[in-house]
Amino acid sequence: MSHDSQAHGSMRSYVSGFILSVALTLASFGAVMSNVVPANGRLALIVALCVAQLFVQLVYFLHLGSARSQRANTAIFACTTFLIAVVVAGSLWVMHNANVNMMPMPLSVHQAMMHE
Amino acid sequence: MSTTLATAGHGHAEHDDGSMTTVGFWIYLMSDCLIFATLFATFGVLAGATAGGPGGRELFGLPFVLTETMLLLLSSFTFGAGMLGAAAGRRRVLVGWLAITFLLGLGFIAMEVHEFVELIHDGAGPSRSAFLSAYFGLVGTHGLHVLSGLVWLGVMMHQVLRFGLDGIVRRRLACLSLFWHFLDLIWICVFTFVYLREFTP
């Protein structure tokens, strides 16, 4: 296993990754399905839990890290993360501005259909 | 046969130990990530555009989604356990874990298809509103990936039994392993931003 450990990990890393993932998943669903967390803090919490679980799975399941054999993958991943941030944040920002600035008249779906 | 195939490409046998293949496959996965990023961005923009139709709160059942999530998460773990079997050269252990992974993935797909059929039956199909178009586009694309993963799993189980754990089969297993774990990553974002977000104020 030592010759190729980057691709496989160990049973311990898979078990730790699995337990952490289950815990983070249950925390996310629990935050929304129960009343433990104040309503206005829920979105921020589930986003934080999502990011945490992404990191857990990247490290424990996909074995991403700074080990030499994984450096290329990690660098490519970092570039992709940047692109994703630009695409997603940019789209939401631009479309939000378009919604706010370019629709002076409040036109409901019903009214829009009447116009046809 | 394995050596002919391995050296046929560029004549750099010393580079073709499988590590370049997995880096190449990783680049493909990252490009797939960008597809999902645009689908998530589209969903984010259209999430409020329900056109007077039903919203997520009325349509989604969180215990159902939690079960789907657990199936996929468990399948990620069983795949990892299978890969340890492969690393130890234990074919039967590997195929056993792959079979369990296949069944868990199949359960996930069955639940998703059931959910889609129910939604369409209730008049909340993809043509109902921009929100639902974006929802079916995003979640459906993930489902199609899982379905391709299932086909690939079936092919790999056959190859392991037929050809044994030679270099080529190992390399393909390593790619499938990345693919399968990657689908779990996408699903984490799906259940957070598509399902759970609908239930936050």
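One salt bridge turns up in a search of the whole structure, across all chains. This is a predicted model. The pair is B:Arg197 and B:Glu198, whose side chains meet at 3.2 Å, N to O. Side chains of opposite charge can pair when their charged atoms come close. B:Arg197 is partly exposed, at 25% relative accessibility. B:Glu198 is buried, because its relative accessible area of 13% falls under the 20% cut-off.

The largest nonpolar core has 75 residues. B:Tyr135, B:Leu173, B:Trp187, B:Val194 and B:Tyr195 have the most contacts inside it. Both chains supply elements that give two or more residues: H1 and helix H2 (42–60) from chain A, and helices H2 (19–46), H4 (62–87), H5 (91–121), H6 (130–163) and H7 (167–195) from chain B. H7(B) gives the most, with 18 residues.

Take B:Tyr195 as a point of entry. Leaving aside residues up to four places away in sequence, B:Tyr195 touches B:Phe60, B:Leu62, B:Val65, B:Glu115, B:Tyr135, B:Val139, B:Trp187 and B:Val190.

Next, the surface of chain A. A:Met11, A:Val15 and A:Ile19 form a nonpolar patch there, with about 240 Å² of accessible area together. A:Ile19 lies in helix H1 (residues 11–33) of chain A. A:Ile19 counts as exposed because its relative accessible area is 52%, and the cut-off is over 50%.

Finally, confidence. Chain A has a mean pLDDT of 85, and 85% of its residues reach 70 or more. Over residues 1–6 of chain A, pLDDT stays under 50. The model has seven contacts beyond four places in sequence for that stretch. Where pLDDT is low, the predicted coordinates should not be read in detail.

Key:
Residues are numbered from 1 along each chain as its sequence is written. Chains are lettered from A and ligands numbered from 1 in the order in which they are written. This is a predicted model: local features need pLDDT of at least 70, side-chain atom pairs count only at pLDDT 80 or more; totals for chains, interfaces and linings use all residues. Side-chain values use heavy atoms; hydrogens and water are left out. Patches are made of residues with over 30% relative accessible area and no salt bridge: like charges are joined within 9 Å, nonpolar side chains (Val, Leu, Ile, Met, Phe, Trp, Tyr) within 5 Å. Accessible areas come from the Shrake-Rupley method with a 1.4 Å probe; for residues, only the protein chains shown count as cover. A salt bridge is a side-chain nitrogen of Lys or Arg within 4 Å of a carboxyl oxygen of Asp or Glu. Helices (H or I, at least four residues) and strands (E, at least two) are DSSP runs, numbered from the N terminus. Buried means under 20% relative accessible area, exposed over 50%, partly exposed in between (1.4 Å probe, protein chains only). pLDDT is the predictor's confidence in each residue, from 0 to 100. Contact means heavy atoms within 4.5 Å. A nonpolar core is a set of buried Ala, Val, Leu, Ile, Met, Phe, Trp, Tyr and Cys residues joined through side-chain atoms within 4.5 Å.
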